[in-house]
Amino acid sequence: MATQLEMAKAGIITEEMKKAVEGEPVSAEELRELIAAGFAVLPKNRNHSFPTIRAIGKNLKTKVNANIGTSGECCSVELEKEKLDAAVRGGTDSIMDLSTGGELSSFRNFFLENSPVIVGAVPIYGVATRMIARNEALDRMSVDELLRGIEQQCSEGLDYITVHCGVTLASVKKLEDYERIMPCVSRGGSIHMNWMRKNKKENPLYEYYDNLLDIAYKYDVTLSLGDGFRPGAILDATDGPQIEELMILGELAKKARNRNVQVMIEGPGHVPLNQITSNVMLQKRLCDGAPFYILGPLPTDIAAGYDHITAAIGGAIAGAAGADYLCYVTPAEHLGLPNADDVYQGVMAGRIAAHIADLGKGLPGAIEKDRRMSVARKNLDWDAMVREALDPALVKQRLQITEDREGCSMCGKLCAVKISRAI
Ligand code: SF4
């Protein structure tokens, strides 16, 4: 059975493409062209059915992902259910199951069965967690075990997977040549780097990339090429290891497209404000316009507890510069596993950033939402203000309208809108 990319190249508009353009400013034919060119992806495993099909990439609305899942320290089905509900209620476009605690396949299958949106994961977590449960050292992981683990998870229905194929002997060497504050903040990246150092061998995901492509092709899984060497401190941003890895990812993206496997590229990380736009431009240039899935970025390191705000600032700028997909950050970032409220706050912050990005991109239709809200404010039309808000329930809950409905408790009888309307 052909993949979405293969169909797009053959000029075929699939049912999924028709669904994915609902609410988008492009037609199904335009989306097909974007997918065929590798400028957009439509993550949808052929073994996974879910109602909210989305495409990610150029000329499309900026999308948001919510990372949920267990940890070794915090592992409960109830909590994960609450987090999934919170992410969906917030309006996320996708979730990633980053579970590393408990029976991972049961959590994965819970998400696959219950999520109405795209589901992604990082398969190395599953493989590593199983080995740790058996008290095996991670550097004893065999290539076969790694690839079988990835195939098993893809067969269960994951729509996209993060794979750290760019952590290679060359990029590890570059990392060793640089003095970074935080050498490696990626769990997957550090597992691969440790394996390579101990075994004195190339990363299996790079050496056997063709086998990985076979798996991705078989289930039509989109590859999200992970950035194992993303900067984890703003002083480490845009350095040699990051760019070396990005160039490798660009080459791997080409190979994936040639094999009819959809691909996107993950990006930093911690990046100062004045480097965010250039990071997006570099990624687009080096990866032939592949969709950019950006983790934050966080333009300061000192806002723990408020990192959903930090990430929204970075995400809005990155999105306006062309990043396509924002991985949310919650208030719990750097501090602990998020709870359901953290997840909700993270998704809302991500959606604010995504909408600001769409305004910055000049995406057709984006400004209309703001126009409708502005007119509602001009008319002191409180019902319309609730309706047009990103979070109507919150606005409804917080509204403090005066008795005559001609103002709110902020200025009361001195309501500037009312006074200027009278004039
Ligand atoms: S009272 Fe003040 S804040 Fe409230 S609507 Fe009027 S001008 Fe705006």
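Buried area is the accessible area, taken with a 1.4 Å probe, that two parts lose on being put together, summed over both. The model is a predicted one, and its domain assignment gives domain 1, covering residues 4-361, and domain 2, covering residues 366-422. Between the C-alpha centres of domain 1 and domain 2 there is a distance of 38 Å. Where the domains touch, seven residues of domain 1 are in contact with six residues of domain 2, and the area buried between domain 1 and domain 2 comes to about 580 Å², with carbon and sulfur atoms giving 67% of that area.

Two pairs of helices can be followed next. Helix H7, residues 143-156, packs with helix H11, residues 209-219, at an angle of about 10°, their axes being 10 Å apart. Because angles under 35 degrees count as roughly parallel, H7 is described as roughly parallel to H11. From H7, Leu147, Ile150, Glu151, Cys154 and Ser155 meet Asn211, Leu212, Ile215, Lys218 and Tyr219 of H11, and the residues of this contact divide into six nonpolar, two polar and two charged.

In the second pair, helix H13, residues 273-286, and helix H14, residues 307-321, pack at an angle of about 35° with their axes 8 Å apart, and H13 passes H14 in a right-handed crossing. The contact is formed by Leu273, Ile276, Thr277 and Val280 of H13 together with Ile313, Gly314, Ile317, Ala318 and Ala321 of H14. By class, the contact of H13 with H14 has seven nonpolar residues, two polar ones and no charged ones.

Definitions and conventions:
Residues are numbered from 1 along each chain as its sequence is written. This is a predicted model: local features need pLDDT of at least 70, side-chain atom pairs count only at pLDDT 80 or more; totals for chains, interfaces and linings use all residues. Side-chain values use heavy atoms; hydrogens and water are left out. Axes are lines fitted to C-alpha atoms, for helices over the stretch in contact, and angles run from 0 to 180 degrees between N-to-C directions. Helices (H or I, at least four residues) and strands (E, at least two) are DSSP runs, numbered from the N terminus. A crossing is left-handed if the near helix is turned anticlockwise from the far one by less than a right angle, and right-handed if clockwise. Contact means heavy atoms within 4.5 Å. Ala, Val, Leu, Ile, Met, Phe, Trp, Tyr, Cys and Pro count as nonpolar, Asp, Glu, Lys and Arg as charged, and the others, Gly among them, as polar. Angles under 35 degrees count as roughly parallel, over 145 as roughly antiparallel, 65 to 115 as roughly perpendicular and the rest as oblique. Domain bounds come from an automatic or database domain assignment.
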